[in-house]
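I opened this model to look up its overall build, its pockets and a few single residues. The entries below keep to what I looked up.

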Amino acid sequence: MKHVLKIFSLLVAISGLWIGLLQASIIPRSHTWLLPIYFIVSLGCYGLLMVGVGLMRFPTCPQEALLLQQDIAEAKYFLKQRGVDVDSE
C-alpha cells in the first residue's frame, strides 16, 4: 500500500507541475502537451532498466538448489510407489 501512495503522490506532483507549466506559459504550449508522453516513455525506460538490474543481480542459491533436488527425488520415489513411470522422457 505504501508504494501505491508513493506512486499516487508522484502522479499528483507531476500533474500539478504540468498544469502549472500550461497556465504559466513558460514553455511553449506545443512542447508542454508532449510532457505526459515524455513521462510515460521515461517511466517505461526506468521499468526496463530496473528489470535488467534485477536480472543482473539475481542471486544464486546453491542450498536451495540442493533442497529442490531432494524434493524432486522424494516426489519421484513417491510416484514410483504409486505405479507412475517418471524416469522415461
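These are my notes, running from the whole chain down to single residues.

**Basis.** I am working from a predicted model, in which local features need pLDDT of at least 70 and side-chain atom pairs count only at pLDDT 80 or more, while totals for chains, interfaces and linings use all residues. Residues are numbered from 1 along each chain as its sequence is written, and side-chain values use heavy atoms, with hydrogens and water left out.

**Overall build.** I counted 4 helices and 0 strands in the protein chain, and read the order from the N terminus as α-α-α-α; helices (H or I, at least four residues) and strands (E, at least two) are DSSP runs, numbered from the N terminus. I then looked up the radius of gyration, taken over C-alpha atoms, and found 26 Å for the protein chain, whereas a compact globule of 89 residues would have one near 12 Å by the rule of 2.2 Å times the number of residues to the power 0.38. Along the principal axes, the C-alpha atoms fill a box of roughly 75 × 30 × 25 Å.

**Surface.** Of the 89 residues, 3% are buried, where buried means under 20% relative accessible area, exposed over 50%, and partly exposed in between (1.4 Å probe, protein chains only). The chain exposes about 8,100 Å², with 71% of it supplied by carbon and sulfur atoms (Shrake-Rupley method, 1.4 Å probe; for residues, only the protein chains shown count as cover).

**Largest pocket.** I noted a volume of about 170 Å³ for the largest pocket. On a 1 Å grid over the protein atoms alone, a pocket is an open set of points where a 1.4 Å probe fits, with protein on both sides within 12 Å along at least five of seven lines, and lining residues have an atom within 4 Å of a point. Which elements give two or more residues to the lining of the largest pocket? They are helix 1 (2-24) and helix 3 (35-56), and helix 1 gives the largest share, 6 residues. The lining includes W18, L21, P36 and F39, and divides into 9 nonpolar residues, 1 polar and no charged.

**Helix 4.** I checked the length of helix 4 (residues 62-81): its 20 residues should span 28 Å at 1.5 Å a residue, and the end C-alpha atoms, 29 Å apart, agree with this. The expected span is 1.5 Å times one less than the number of residues. Just after helix 4, G83 takes a positive phi of about 90°.

**S30.** Is S30 buried or exposed? S30, which I found in helix 2 (residues 29-32), is exposed, with a relative accessible area of 53%. Its C-alpha atom is separated by 14 Å from that of I19, 11 residues apart along the chain.

Note on methods:
Points joined across faces, edges and corners; volume = space filled by probe spheres on them. Nonpolar A, V, L, I, M, F, W, Y, C, P; charged D, E, K, R; others polar.
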